[in-house]
Amino acid sequence: MNDEQYMRQALTEAQKAFEKDEVPIGAIVVLNNRIIARAHNQTELLTDSTAHAEILALTTAYNFLGSKYLPEATLYVTVEPCLMCSGALYWSKIGRVVFGAYDDKNGYRRVAGANNPFHPKTELVGGVLAEECGQLMKDFFRGKR
């Protein structure tokens, strides 16, 4: 599978969050062409502001592998990671981060600016299926207004 196909799997997770009235962000972790973790935002369900899709997917991947590092893995997430998630991804030493929609309000770029908050060896790819990922967020917040 390619980045777009994996991002569609992350979008499936985001749709689950949408249906549960959670901010619709989904994430998957892929290792050796195999999805080893799936997650979506659960901040409302768990009453935990740190229960972002990326954090939950990382925890699942760590448990699956019995390791705290993921240098050969790729995280696919539907929206640009926030600074908190970027920090968690830094410590995971993940090989790649692929995200969909850019987030000018809460994404890592807003706070980090030109500074890269990811591990120096992490490859970063943004804008994969950005329109579809962004539209799900717009639909969610339109329903809140």
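The legends below describe close-up views of aromatic rings in a predicted model.

**View 1. Phenylalanine 18 and phenylalanine 140 form an edge-to-face aromatic pair.** Six aromatic pairs are counted in the model. Phenylalanine 18 belongs to helix H1 (residues 3-19) and phenylalanine 140 to helix H6 (residues 130-144), so the pair ties together parts that are 122 residues apart in sequence. Phenylalanine 18 has a relative accessible area of 28% and is partly exposed, whereas phenylalanine 140 is buried, at 7%.

**View 2. Tyrosine 90 and tryptophan 91 form an edge-to-face aromatic pair.** Their centres are separated by 5.1 Å, with 85 degrees between the planes. Tyrosine 90 is partly exposed, its relative accessible area being 29%. Tryptophan 91 is exposed, with 62% relative accessibility; the value for tryptophan 91 counts as exposed because the cut-off for that class is over 50%.

**View 3. Phe18, Phe140 and Phe141 make up an aromatic cluster.** The three residues are linked by ring pairs. Among the members, Phe18 is partly exposed and Phe140 is buried.

**View 4. The charged end of lysine 93 sits over the ring of tyrosine 69.** The distance from the charged end of lysine 93 to the centre of the tyrosine 69 ring is 4.3 Å.

How values were computed
Residues numbered from 1 in each chain as written. Predicted model: local features only at pLDDT ≥ 70, side-chain atom pairs only at ≥ 80, totals over all residues. Heavy atoms only, no water. Phe/Tyr/Trp six-rings, centres within 6.5 Å; stacked < 30°, edge-to-face > 60°. Helix = DSSP H or I, 4+ residues; strand = E, 2+ residues; numbered from the N terminus. Buried < 20%, exposed > 50% of the residue type's maximum accessible area, 1.4 Å probe, protein only. Lys NZ or Arg CZ within 6 Å of the ring centre and 35° of its normal.
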